[in-house]
Amino acid sequence: GAGPATATLVARDVWPSIDKAHLVEPNVPLAACGEALMKAMDFVGTYIRGTLQKMPQQEKADLVLASYVLNEVPDEAISHGVKTLWDHANDALVIVETGTPFGYKTLMKARDALIGFGAYIAAPCPHQMVCPIASQADNWCHFSVRIQRSSLHRKIKPSATLAYEDEKFCYLIALRDPLVNTVAARLIGAPKGGKVLSLPLCRDDGNFEVRQTTKRDSDHGVLKRMDWGDALDK
């Protein structure tokens, strides 16, 4: 599911020291597009024909990325697919899925499997316990990022009338070793309110909390500056 190398190029943008990448993708035109994009950015990765279900044997990597891949895998095959990804990770596995209830449920199955394999969940969860909002029918853990649309984007997408779009996604980061610096809570929804600000938090004790703050509160300044996805250290 590497597609046209999108996740790979983002990783290289974050860590310019990356000098090797293996990309598993069965679609030949997408792989050709990815090769051209990587060449334009002076980075050469190796495309491998295959799928998550039929992964060719290859060397392990410090970082394994699976972006919008598990949603194409049957439910009964998710645990096996996650095991394949985890077995190829020396240090970290990052999974990204659509920010929908379906994407969240898919990610929770991956999370359960990873914890069973002995992985440490680094983010977004600040704990290893059961997701505290899993039983809430109208709520699911996801995040949002605002993307600026180019003129080309607006031309090829007739419904794109605005100069931006808000992309919702779910993600999971699993590590071989536990984090040294843990977080106390993470904001898992957009802050709401005016004089009284409400922030939905997932806490390190495994509970969900909607914390409210006003100017009278000592932590109001910190909480007011928080954005969806930010972590609290206390």
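Tutor: Ground rules before we start: the model is predicted, local features need pLDDT of at least 70, side-chain atom pairs count only at pLDDT 80 or more, and totals for chains, interfaces and linings use all residues. Residues are numbered from 1 along each chain as its sequence is written, and side-chain values use heavy atoms, with hydrogens and water left out.

Student: Why is valine 10 called exposed?

Tutor: Buried means under 20% relative accessible area, exposed over 50%, and partly exposed in between (1.4 Å probe, protein chains only). Valine 10 has 53% relative accessibility, so it counts as exposed. You'll find valine 10 in helix 1, residues 6–14; helices (H or I, at least four residues) and strands (E, at least two) are DSSP runs, numbered from the N terminus.

Student: What makes the nonpolar surface patch there?

Tutor: Val10, Val14 and Trp15 make it, at about 310 Å². Patches take residues with over 30% relative accessible area and no salt bridge, joining nonpolar side chains (Val, Leu, Ile, Met, Phe, Trp, Tyr) within 5 Å and like charges within 9 Å. The areas are Shrake-Rupley values with a 1.4 Å probe, and for residues only the protein chains shown count as cover.

Student: What makes lysine 20 and glutamate 59 a salt bridge?

Tutor: The term needs a side-chain nitrogen of Lys or Arg within 4 Å of a carboxyl oxygen of Asp or Glu. Lysine 20 and glutamate 59 come in at 3.8 Å, N to O, so the pair qualifies. The pair links distant parts of the chain, 39 residues apart: lysine 20 sits in the loop between helix 1 and strand 1 (22–24), glutamate 59 in the loop between strand 2 (46–48) and strand 3 (61–67). Lysine 20 is exposed at 53%, while glutamate 59, at 46%, is partly exposed.

Student: How do you know that aspartate 166 and arginine 146 pair up?

Tutor: Their side chains meet at 2.7 Å, N to O, in a salt bridge. Aspartate 166 belongs to strand 7 (residues 164–175) and arginine 146 to strand 6 (residues 143–148), so the bridge ties together parts 20 residues apart in sequence. Aspartate 166 has a relative accessible area of 34% and is partly exposed; arginine 146, at 48%, is partly exposed as well.

Student: Which label does glutamate 165 get, buried or exposed?

Tutor: Glutamate 165 is buried, because its relative accessible area is 14%. Its salt-bridge partner is lysine 157, with the closest N and O atoms 3.6 Å apart, and lysine 157 is partly exposed at 30%. The whole structure has nine salt bridges.

Student: Why are helix 3 and helix 4 called oblique?

Tutor: Helix 3 (residues 78–87) and helix 4 (residues 101–116) pack at about 60°, axes 9 Å apart. Axes are lines fitted to C-alpha atoms, for helices over the stretch in contact, and angles run from 0 to 180 degrees between N-to-C directions. Under 35 degrees is roughly parallel, over 145 roughly antiparallel, 65 to 115 roughly perpendicular, and the rest oblique. The two helices are therefore oblique to each other.

Student: What stands out about the backbone at alanine 5?

Tutor: Alanine 5 has a positive phi of about 70° although it is not a glycine. Most residues other than glycine have a negative phi. Alanine 5 lies in the segment before helix 1 and is buried, with 0% relative accessible area.
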